Amino acid sequence: MSVDLLLGLQWGDEGKGKIVDVLTPKYDIIARFQGGPNAGHTLEFEGVKHVLHTIPSGIFRPNVINVIGNGVVIDPIILQKEIEALDPFGIDIKQRLLISRKAHIILPTHRLLDQASELSKGKAKIGSTLKGIGPCYMDKTGRNGLRIGDLEHPNFPELYRELTDKHLSMIGFFKVSLEYDLKKLEEEFFAAIESLKQLTFIDSEDYFYHAQKEGKKILAEGAQGSMLDIDFGTYPFVTSSNTTASGACTGLGIAPNQIKNVMGIFKAYTTRVGSGSFPTELFDETGEKIAQIGREVGATTGRKRRCGWLDLVALRYAIRLSGVTQLMMMKADVLSGFDTLKVCTAYLYRGETIEHFPYATETEEITPIYTELKGWSSDLSAIKSTHDLPKELLDYIRFIEKEVEVPITLVSVGADRTQTILF
């Protein structure tokens, strides 16, 4: 059985958690393949809002296995808190959640290194979530990291101390003032490690191989967004992992020819958290209105999101990178009430009109070229059928489809799992 893949196509925060939750009943296994607790996948149903950082978004559906893949970096403390937050809902975590032995562990000193590095950059800071994710991935590529499988060996404390001592010496190189109580951090860390050991660890690449042979349906869940990919995003203001389709192969141990449907999620407008270029960003009342209506605040960081019109140059770029086969548009309801909507279809870049995403993406070098479309005024939140959607929204959808040459198969008109319209 082939594997389906779900990706964010913008700078993250597209609504992946909700859609994974909506799609989960069609699958046997949901698997996170990259990123770490910098993710903030929000699910809302039965009047309760849930935010997941590490656990796959299929965890609330019965009879579905959730796997944290080898490409994910895990903070035991944050994972423990996530699990504790699920306790009131009667979820059998030990049965529903599996963790790859090859997933790397975020140590307390990874977080300290992250903070020291960001402080040292001053105004040129990346906008890190300060969760220790970048330093953890650096240890992974530097062949120094500790993995979940190391917890099964008696020499883990020695391995931990060796790497921690190295980190402490590195912190001094940044020459910044950083106050911390390592003893307190370590007490919390090792308590969480003991809880983590109660979960089931697997050789995930072998697990997925046999699951496919048995005909299991697998959905790979991405974190962050395609425009934050370490190779293809707006570098250096990116995350530390591959957020495009290739990351699913390396982050789960699945062969490329096993991926079938690639589902891409995007907002009806564009947002970004932190630093980095954003060609269609709005600095006026319209941007403020979108942010207010859309409640655009980061689920993980609590930071206000920057808002702008939909950028089809960037969206087209992300679609091509991952071979997206179908699109899912989120937050269409947020744009209700705007008389006119703008969509960026090309850039004026160094005196030339281009329709591709360029190497240099500094905003001062790019002027968006917009097409204006008529907006809609009706409230979408209670609509259940495509037949009841306003003509202007349908025109907006068809315009996007024509520009990017991929069909939109789902539109979200609210935060709840029931506020989802299938085409």
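Predicted model: local features only at pLDDT ≥ 70, side-chain atom pairs only at ≥ 80, totals over all residues.

Me: Which residues make the contact of α4 with α7?

Reply: On the α4 side the contact is made by P108, T109 and L112, and on the α7 side by L182, L185 and F189. Sorted by class, the contact of α4 with α7 has five nonpolar residues, one polar residue and no charged residues.

Me: And what about α4 with α6, at what angle do their axes cross?

Reply: The axes of helix α4 (residues 108-121) and helix α6 (residues 156-171) cross at roughly 15° and come within 9 Å. Because angles under 35 degrees count as roughly parallel, α4 is roughly parallel to α6.

Me: Is that crossing of α4 and α6 left-handed or right-handed?

Reply: The crossing of α4 and α6 is left-handed.

Me: Which residues meet there, in α4 and in α6?

Reply: From α4 the residues are P108, T109, H110, L112, L113 and A116, and they meet Y160, T164, H167, L168, M170 and I171 in α6. By class, the contact of α4 with α6 has eight nonpolar and four polar residues, and no charged residues.

Me: Changing topic, which residues does UniProt list for "binding site"?

Reply: The UniProt record, which is an unreviewed entry, lists D13 and G40 under "binding site". These positions span 28 residues in sequence, yet no two of their C-alpha atoms are more than 7.6 Å apart, so they gather at one spot.

Me: Where is D13 found, and what does D13 touch?

Reply: D13 is found in the loop between β1 (3-8) and α1 (16-23), and with residues up to four places away in sequence not counted, D13 touches K267, T271, V273 and R305. Its relative accessibility is 27%, so D13 counts as partly exposed.

Me: What about E44, where does E44 sit, and what is E44 in contact with?

Reply: E44 has its place in strand β3 and, at 23% relative accessibility, counts as partly exposed. Leaving aside neighbours within four places in sequence, E44 is in contact with K49, R295, A415, D416 and R417.

Me: How many residues apart in sequence are E44 and E401?

Reply: E44 and E401 are 357 residues apart in sequence, and their C-alpha atoms are 28 Å apart in space.

Me: Last one, G276: buried or exposed?

Reply: G276 counts as buried, because its relative accessibility is 17% and the cut-off for buried is under 20% relative accessible area. Its place is in the loop between β12 (270-272) and α10 (285-293).

Me: Which residues does G276 touch, and how many residues apart in sequence are G276 and G36?

Reply: Not counting residues up to four places away in sequence, G276 touches F237 and R306. As for G276 and G36, they are 240 residues apart in sequence and 20 Å apart in space, C-alpha to C-alpha.

Technical notes
Residues numbered from 1 in each chain as written. Heavy atoms only, no water. Axes fitted to C-alpha atoms, helices over the stretch in contact; angles between N-to-C directions. Helix = DSSP H or I, 4+ residues; strand = E, 2+ residues; numbered from the N terminus. Parallel < 35°, antiparallel > 145°, perpendicular 65-115°, else oblique. Left-handed = near helix turned anticlockwise from the far one by under 90°. Contact = heavy atoms within 4.5 Å. Nonpolar A, V, L, I, M, F, W, Y, C, P; charged D, E, K, R; others polar. UniProt positions renumbered as here; feature names shortened; annotations may be inferred. Buried < 20%, exposed > 50% of the residue type's maximum accessible area, 1.4 Å probe, protein only.
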